[in-house]
Amino acid sequence: MKKGVMVIGLFLAMAVGTIVYNLFQYSGTFTELIIRTCGLFSNLFIFMAIISSEYMLQMRKTFGRSFINVHHQLSRIGIALMLIHPLPFVIQKGVVALIPVFYPPVTFLELAGRPALYIVLIAVLAAVYRKKIPRKWKNIHKLNYLAFLLIFFHAWLVGTDLQSLSMQLIWIVMLLIVAAVFIHKHIFGTRKSKQRK
Ligand code: HEM
Ligand code: HEM
């Protein structure tokens, strides 16, 4: 566990360094800088919220705080940045910038941040009202994995910073870690609980 947290911590430090380095590499207007900074850091916080779910039980031991406490703080920052990220674009282009486009597939993926925004909000609302929908909320909350995948493609295809090799590497490692968390929880996890039965 400790080794795992150390590796993740090291990776996060590298990710922050790479993001900051790249943000200063490309010139652009102040508004563009806000859009890029909020998009990149929002995804990093969403990533950390997902990773924190892997360490639910050990959270108190490691950080002295419960899982839900840490998970809440990470998701709060992630969501706040996620809502600021498209704002300048929406002010410029109007509400059309918020409407998902489903066809052709490449355009869907380029603009996949739009559906991802709604998916994260739905997944989070399900968690907030989990007492009202005790059976369904966990399945709805899992939509966060889908949102993460959509954000991956959106940023990869339209992001200025995602054109650099260093950012692409960080992006791929993040996707692989999220895939590993999903597989560990839902493929190996279900096998283990079935064996126990
Ligand atoms: C950006 C926001 C968030 C993201 C990306 C996120 C992501 C996740 C993920 C991926 C899991 C693991 C789900 C699984 O594999 O079954 C999880 C678990 C959980 N999340 Fe969130 N979450 C977010 C916000 C929230 C909020 C706001 C709450 C509470 C109000 C919350 C409460 C929980 C709880 C209680 C669990 C543990 C579920 C269990 O017992 O298995 N999450 N979250
Ligand atoms: C209505 C929804 C959205 C709109 C209109 C939108 C718009 C944009 C635009 C115009 C860019 C290109 C910026 C540039 O690099 O010059 C971009 C990139 C990006 N977006 Fe979104 N986006 C939306 C949703 C999201 C969501 C929900 C996330 C989640 C965190 C996200 C994360 C990113 C990331 C990480 C980049 C790459 C930034 C970079 O490479 O510098 N976007 N988005």
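The structure holds six aromatic pairs. Here rings of Phe, Tyr and Trp (its six-membered ring) pair if their centres lie within 6.5 Å. This is a predicted model: local features need pLDDT of at least 70, side-chain atom pairs count only at pLDDT 80 or more, and totals for chains, interfaces and linings use all residues. Residues are numbered from 1 along each chain as its sequence is written, chains are lettered from A and ligands numbered from 1 in the order in which they are written, and side-chain values use heavy atoms, with hydrogens and water left out. Ligand 1 and ligand 2 each come with an iron atom, coordinated in one case by His71 and His141 and in the other by His85 and His154.

**Aromatic pairs**

- A pair of aromatic rings is described by the distance of the centres and the angle of the planes.
- Planes under 30 degrees apart count as stacked, over 60 as edge-to-face and the rest as tilted.
- Phe47 and Phe148 make a tilted pair, 6.4 Å from centre to centre with 35° between the planes.
- Phe47 belongs to helix 2 and Phe148 to helix 9, so this pair ties together parts that are 101 residues apart in sequence. Helices are DSSP runs (H or I, at least four residues), numbered from the N terminus.
- Phe47 and Phe148 are both buried. Buried means under 20% relative accessible area, exposed over 50%, and partly exposed in between (1.4 Å probe, protein chains only).
- Phe152 and Trp156 are stacked, because their ring centres are 5.4 Å apart and their planes stand at 25°.
- Phe152 and Trp156 are four residues apart in helix 9, so about one helical turn separates them.
- Phe152 counts as buried because its relative accessibility is 8%. Trp156, at 28% relative accessible area, is partly exposed.
- One aromatic cluster is formed by Phe11, Phe47 and Phe148.

**Ligand 1: the iron atom**

- His71 (NE2) and His141 (NE2) coordinate the iron atom of ligand 1 at 2.0 Å. Donors are N, O and S atoms within 2.8 Å of the metal (3.2 Å for Na, K and Ca); water is not among the atoms, so sites may look incomplete.
- The six donor atoms subtend angles of 85 to 179°, which makes the arrangement octahedral. Six donors count as octahedral if opposite donors are over 155 degrees apart and all others between 65 and 115.
- His71 sits in helix 4 and His141 in helix 8, so the two tie together parts that are 70 residues apart in sequence.
- His71 is buried, with a relative accessible area of 13%.

**Ligand 1: the shell**

- There are 23 residues around ligand 1, and His71, His72, His141, Tyr145 and His186 come nearest. A residue is near a molecule if one of its heavy atoms lies within 4 Å of it.
- Helix 4 gives the largest share of this shell, six residues.
- The shell divides into 12 nonpolar, seven polar and four charged residues. Ala, Val, Leu, Ile, Met, Phe, Trp, Tyr, Cys and Pro count as nonpolar, Asp, Glu, Lys and Arg as charged, and the others, Gly among them, as polar.
- An N or O atom in the side chain of Tyr145 is 2.6 Å from an oxygen atom of ligand 1.
- A polar side-chain atom of Lys138 is 3.2 Å from an oxygen atom of ligand 1.

**Ligand 2: the iron atom**

- The site is octahedral, with angles of 87 to 178° among its six donor atoms.
- The pair links distant parts of the chain: His85 lies in the loop between helix 4 (67-84) and helix 5 (87-93), His154 in helix 9, and they are 69 residues apart.
- His85 is partly exposed, with a relative accessible area of 23%. His154 is buried, at 19%.

**Ligand 2: the shell**

- Arg36, His85, His154, Thr160 and Asp161 come nearest of the 24 residues around ligand 2.
- By class, the shell has 13 nonpolar, eight polar and three charged residues.
- An N or O atom in the side chain of Asp161 is 2.3 Å from an oxygen atom of ligand 2.
- A backbone N or O atom of Thr160 is 2.7 Å from an oxygen atom of ligand 2. For Leu162, a backbone N or O atom lies 3.3 Å from one.
- Helix 2 (30-52), helix 7 (113-128) and helix 9 (143-158) are the elements that give two or more residues to this shell. Helix 2 gives the largest share, six residues.

How values were computed: Polar contact = N/O pair within 3.5 Å; in protein donor to acceptor, adjacent residues only side chain to side chain. Tetrahedral: all angles 85-135°; square planar, octahedral: opposite > 155°, others 65-115°.
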